[in-house]
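Let's walk through this model together, asking at each step what stands behind a label.

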Amino acid sequence: MNRSIPRLVIVLGLFFLATAQLASAQESSSEQTKIDKPQLVGQAPTAQTAPGQSQESLPELVRRIKPSVVSVLTYDTKGEPLISGTGFFVRSGEVIMNMHVIRGAHRVEIHTLDGKGRTYPVAGALAVDEEADLALLSVDLPAERSRPLTFASTLPDEGEQIFVIGNPLRLEGSVSDGIVSAVREVPDLGRIIQITAPVSHGNSGSPLLNMRGQVIGIVTVKVTNGQNINLALGVMRIASLSKGKLISFDQIAAKNKLITQPELLAELWYRGGIDSLWLGNYDSALNYFETAANRNPRRPETWIQIGYCKVKQGRNDEAIRAYRRALQLKPTSADTYNRLGDAYFYGAHFNEAIDAYRQAARLRPDQPEAYYNLGLAYLEIGDRESAVAQSRLLEVLDTELNKKLLAQLQR
């Protein structure tokens with residue numbers, strides 16, 4: 001029997017159906033708005049990483065990195081404790097640290113920070129870099145106890161977040177964080193990174209890490225006017241340290257005793273100049289270096305530093321003379337020719353700058369800086385074709401530096 005559906009029921013059904021569709025559309029629109037709405041300044045960032053690749057939090061990074069950091073303990077011939085510092089694994093059984101911590105030590109140990117920690121003897125140094133205050137230690141421990149850290153491939157940006165794990169004042173495994181406040185250059189040393197993260201004695205040798213857990217530098221504590229200046233040496237100098245034959249700590253101490261009195265005094269003045277350069281104080285650094293040159297005029301690095309300071313002061317003609325003196329002592333230094341070229345360039349002697357940069361490229365054809373400098377110098381004299389030729393050479397060696405040169409070519 002056929003029965004007709006009452007009109008009221010049909011109307012009510014259509015009403016409820018339309019309401020459900022409207023609610024679904026609003027929900028979809030709301031979700032799309034969440035995706036498309038731009039993030040305002042001051043809002044907490046939303047996750048942008050792919051599944052399985054989320055950024056680690058600082059506590060997670062610390063838990064992962066801490067087993068790679070060690071406390072370095074030093075002792076004299078009577079077994080009495082000397083000073084302590086920090087180091088970290090760079091390869092299995094190999095720890096990098098600051099050289100000054102082990103200077104004068106007869107015996108050295110490391111103490112790991114994983115779990116309750118274990119103490120292991122250090123056999124000696126596989127490499128030392130007095131200029132950079134670095135030492136590579138050989139540690140006798142099971143391979144699984146070594147947890148090497150990875151190095152970052154680029155310098156950090158100013159304002160980038162960083163953190164430090166170290167042993168300030170023997171407080172093992174202490175963590176501090178902050179930002180990169182400045183990045184400076186020191187000739188014959190590398191990049192210096194100034195940070196806001198607090199550091200103290202005992203932090204010397206601590207790894208400076210980015211928020212991906214990569215090493216970007218090694219902390220060195222500098223003290224001026226009674227206050228610590230928080231500084232680290234960029235990772236490139238660490239990466240360039242190559243290991244050699246094992247050296248005992250007694251051999252290191254004996255080597256330092258062979259230095260003559262004038263050389264020792266010159267070294268002390270030179271070190272004072274380097275410390276001033278770490279702080280960006282070029283006037284003070286120049287005073288130190290000039291005194292060092294008077295004590296020992298046969299050291300080319302001293303004249304290089306004098307030239308660098310004078311360029312910073314705008315005294316380019318005097319800088320040229322200092323670099324020429326350095327090249328008399330060390331005529332195969334590509335880096336010195338590059339710096340000589342800079343002094344000519346800043347003094348608007350562009351043809352002389354080109355000659356110096358060409359010498360640098362001849363001595364080190366794999367060094368990208370020389371080609372970049374040549375490109376800029378050619379642009380200054382209006383030789384665009386030669387500048388483009390340098391860009392082609394630079395493209396193979398350093399794409400990022402070539403982008404900077406191309407930007408100048410397009411201006």
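Q: What makes up the secondary structure of the protein chain, and how are its elements defined?
A: The protein chain has 14 helices and 12 strands. Helices (H or I, at least four residues) and strands (E, at least two) are DSSP runs, numbered from the N terminus. Do keep in mind that this is a predicted model, where local features need pLDDT of at least 70, side-chain atom pairs count only at pLDDT 80 or more, and totals for chains, interfaces and linings use all residues. Residues are numbered from 1 along each chain as its sequence is written, and side-chain values use heavy atoms, with hydrogens and water left out.

Q: Why is Ser-68 called buried?
A: Buried means under 20% relative accessible area, exposed over 50%, and partly exposed in between (1.4 Å probe, protein chains only). Ser-68 has a relative accessible area of 3%, so Ser-68 is buried. In the chain, Ser-68 sits in the loop between helix H2 (58-65) and strand S1 (69-75). Across the protein chain, 44% of the 411 residues count as buried.

Q: Which residues does Ser-68 contact, leaving aside its neighbours within four places in sequence?
A: Contact means heavy atoms within 4.5 Å. With those neighbours left aside, Ser-68 is in contact with Gly-87, Phe-88, Phe-89, Arg-147, Pro-148 and Leu-149. Ser-68 and Asp-114 are 46 residues apart in sequence, while their C-alpha atoms are 8.1 Å apart in space. For the protein chain, residues 24 or more positions apart account for 58% of the contacts with a separation of 6 or more.

Q: How do you know whether Glu-131 is buried or exposed?
A: Its relative accessible area is 14%, so Glu-131 is buried. Glu-131 belongs to the loop between strand S5 (119-129) and strand S6 (134-139).

Q: What makes the pairing of the Glu-131 and Tyr-270 side chains a polar contact?
A: A polar contact is a pair of N or O atoms within 3.5 Å; within protein, one must be able to donate a hydrogen and the other to accept it, and residues adjacent in sequence count only if both atoms are side-chain atoms. The Glu-131 and Tyr-270 side chains are joined by such a contact of 2.5 Å. Glu-131 also makes a side-chain polar contact with Arg-299, at 3.0 Å.

Q: Why is the pair Glu-290 and Lys-310 called a salt bridge?
A: The term stands for a side-chain nitrogen of Lys or Arg within 4 Å of a carboxyl oxygen of Asp or Glu. In Glu-290 and Lys-310 the closest N and O atoms are 3.5 Å apart, and the pair forms a salt bridge. This pair links distant parts of the chain, with Glu-290 in helix H7 (residues 282-295) and Lys-310 in helix H8, 20 residues apart. A search of the whole structure finds 19 salt bridges.

Q: What separates Asp-335 and Arg-339 along helix H10?
A: They are separated by about one helical turn, because they are 4 residues apart in helix H10. Asp-335 forms a salt bridge with Arg-339, the closest N and O atoms being 3.1 Å apart. Arg-339 counts as buried because its relative accessibility is 9%. Salt bridges that share partners also join Glu-131, Glu-267, Arg-271, Arg-299 and Glu-301 into one network.

Q: How do you know how much space lies in the largest pocket?
A: Rolling a probe the size of a water molecule over the atoms shows where empty space is left. On a 1 Å grid over the protein atoms alone, a pocket is an open set of points where a 1.4 Å probe fits, with protein on both sides within 12 Å along at least five of seven lines, and lining residues have an atom within 4 Å of a point. Grid points are joined across faces, edges and corners, and a volume is the space filled by probe spheres set on the points. For the largest pocket this space is about 1,600 Å³.

Q: Which residues of the lining lie nearest the centre of the largest pocket?
A: Of the 35 lining residues, Leu-155, Glu-185, Arg-191, Arg-339 and Glu-369 lie nearest its centre. The lining divides into 16 nonpolar, 6 polar and 13 charged residues.

Definitions and conventions. Ala, Val, Leu, Ile, Met, Phe, Trp, Tyr, Cys and Pro count as nonpolar, Asp, Glu, Lys and Arg as charged, and the others, Gly among them, as polar.
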